[in-house]
Amino acid sequence: MTTTEPTLPRKAGRRRVLGAGKQLHAGPVTYVVLTVFALVSLGPLVWTAIAASRTAGRLAQTPPPLWFGGNLFKNLQAAWDQAGLSTAMFNSVIVAGTITVSTVLFSTLAGFAFAKLRFRFSGLLLLLTIGTMMIPPQLAVVPLYLWMSDLGWSNQLQTVILPSLVTAFGTFFMRQYLVQALPTELIEAARVDGASSIRIVWHVVFPAARPAMAVLGLLTFVFAWNDFLWPIIALNQQNPTVQVALNSLGTGYVPDQAVIMAGALLGTLPLLIAFVLFGKQIVGGIMQGAIKG
């Protein structure tokens with residue numbers, strides 16, 4: 001006795017085949033929504049540039065200016081000189097770059113260990129790692145400052161770098177990604193071929209984790225560049241980061257709001273440049289990771 005598999009109706013099957021390769025197109029509502037979100041997102045940045053191109057007197061008037069003025073480069077130069085941004089920019093590149101590289105590297109290694117390696121108390125250690133994210137960072141300021149003073153690192157860049165070499169968020173983020181993106185069979189096959197642990201990490205783990213590493217690197221760089229609380233406590237105006245240096249623009253009886261906005265614009269430009277240079281690779285990495293998942 002032979003059995004036949006159920007078949008779809010001919011019209012339904014044809015409709016399914018015709019729709020399989022069809023490319024979706026965005027409608028007018030989609031473009032309107034995206035335009036509104038883009039304008040809302042760019043609004044603060046555009047207003048900062050407009051305010052940086054005006055004078056303090058014009059900013060104090062009502063209504064405020066809605067278009068660019070002719071003092072942009074003058075205010076940018078004043079902010080650069082008054083805040084000493086040449087030293088601050090160099091220090092921020094060192095601090096943010098070191099923190100980004102170390103966080104991505106160590107978080108990937110720790111995330112791989114929690115995701116694919118079996119060792120005692122792994123669940124408890126992961127729970128403790130996640131639990132540290134619930135502790136307000138303000139609670140660690142005083143003991144951290146005393147510790148750095150005992151090491152003789154006051155007003156030095158390593159005081160800002162050391163506490164951020166690895167983060168609990170980065171470890172958890174990489175762990176969650178590698179659980180799905182890295183097949184266990186691939187690691188076992190590498191071990192059967194005689195690959196060492198270092199070779200497995202370099203040739204198997206890092207290529208599989210590249211999309212998540214790119215995203216984590218961008219988030220870490222932005223956070224490290226914009227960090228203000230700990231650098232303002234640990235550093236002084238002789239050896240500042242960008243955010244600490246910009247704080248000096250707001251001092252005085254009558255701060256120049258136009259110069260402050262110009263300094264804020266200068267402090268934001270490196271982040272915009274980084275996203276323009278690496279945004280395509282990061283978005284491509286995200287899409288690649290989504291397809292693999």
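**Figure 1. The order of elements along the chain.** From the N terminus on, the elements run α-α-α-α-α-α-α-α-α-α-α-α-α-α. The model is predicted. Its secondary structure comes to 14 helices and 0 strands. The chain has 293 residues, and buried residues make up 32% of them. Take the contacts in the chain with a separation of 6 or more: residues 24 or more positions apart account for 71% of these.

**Figure 2. Close-up of helices H4 and H5.** Helix H4 covers residues 72-83. Helix H5 covers residues 85-116. The two pack at an angle of about 75°, with their axes 6 Å apart. H4 and H5 are therefore roughly perpendicular to each other. Ala79, Trp80 and Ala83 are the H4 residues in this view. They meet Leu85, Ser86 and Met89 in H5. By class, the contact of H4 with H5 has 5 nonpolar residues, 1 polar residue and no charged ones.

**Figure 3. Close-up of helices H5 and H11.** Helix H11 spans residues 197-226. H5 and H11 pack with their axes 8 Å apart, at an angle of about 140°. That angle makes H5 oblique to H11. The crossing of H5 and H11 is right-handed. The contact of H5 with H11 holds 17 nonpolar residues and 8 polar ones.

**Figure 4. Close-up of helices H9 and H11.** Helix H9 is made of residues 168-181. The axes of H9 and H11 come within 10 Å and cross at roughly 145°. The crossing of H9 and H11 is right-handed. On the H9 side, the contact is made by Phe169, Gly170, Phe173, Met174, Tyr177, Leu178 and Ala181. On the H11 side, the residues are Val205, Ala208, Ala209, Pro211, Ala212, Met213, Val215, Leu216 and Leu219. By class, the contact of H9 with H11 has 15 nonpolar residues, 1 polar residue and no charged ones.

Figure 5. Thr108 lies in H5. Is Thr108 buried or exposed? Thr108 is buried, because its relative accessible area is 0% and buried means under 20%. Now look at its contacts, not counting residues up to four places away in sequence. Thr108 touches Thr103, Met174, Leu178, Val205, Phe206, Ala209 and Met213. Met174 and Leu178 belong to the H9 side of the contact between H9 and H11. Val205, Ala209 and Met213 belong to the H11 side of that contact.

Figure 6. Asn91 has its place in H5. Asn91 is buried, with a relative accessible area of 4%. Which residues touch Asn91, leaving aside its neighbours within four places in sequence? Asn91 is in contact with Leu157, Asn239 and Pro240.

Figure 7. Gly97 is found in H5. Gly97 is partly exposed, with a relative accessible area of 25%. Leaving aside its neighbours within four places in sequence, Gly97 is in contact with Ser92 and Phe221. Gly97 and Phe221 are 124 residues apart along the chain. Their C-alpha atoms are separated by 6.8 Å.

**Figure 8. Close-up of Trp230 and the nonpolar cores.** The largest nonpolar core has 34 residues. Which of its residues touch the most other members? They are Leu85, Trp225 and Trp230. Leu85 also takes part in the contact of H4 with H5. Leaving aside its neighbours within four places in sequence, Trp230 is in contact with Val141, Leu144, Tyr145, Met148, Thr159, Val160 and Pro163. A second, separate core has 20 residues. Among them are Ile200, Val205, Phe206 and Ala209.

Figure 9. Helix H7 covers residues 141-150, and Ser149 is found in it. Ser149 counts as partly exposed, at 29% relative accessibility. How many residues apart along the chain are Ser149 and Thr159? They are 10 residues apart, and their C-alpha atoms are separated by 9.1 Å. Thr159 is also one of the contacts of Trp230.

How values were computed:
Residues are numbered from 1 along each chain as its sequence is written. This is a predicted model: local features need pLDDT of at least 70, side-chain atom pairs count only at pLDDT 80 or more; totals for chains, interfaces and linings use all residues. Side-chain values use heavy atoms; hydrogens and water are left out. Axes are lines fitted to C-alpha atoms, for helices over the stretch in contact, and angles run from 0 to 180 degrees between N-to-C directions. Helices (H or I, at least four residues) and strands (E, at least two) are DSSP runs, numbered from the N terminus. A crossing is left-handed if the near helix is turned anticlockwise from the far one by less than a right angle, and right-handed if clockwise. Contact means heavy atoms within 4.5 Å. Ala, Val, Leu, Ile, Met, Phe, Trp, Tyr, Cys and Pro count as nonpolar, Asp, Glu, Lys and Arg as charged, and the others, Gly among them, as polar. A nonpolar core is a set of buried Ala, Val, Leu, Ile, Met, Phe, Trp, Tyr and Cys residues joined through side-chain atoms within 4.5 Å. Buried means under 20% relative accessible area, exposed over 50%, partly exposed in between (1.4 Å probe, protein chains only). Angles under 35 degrees count as roughly parallel, over 145 as roughly antiparallel, 65 to 115 as roughly perpendicular and the rest as oblique.
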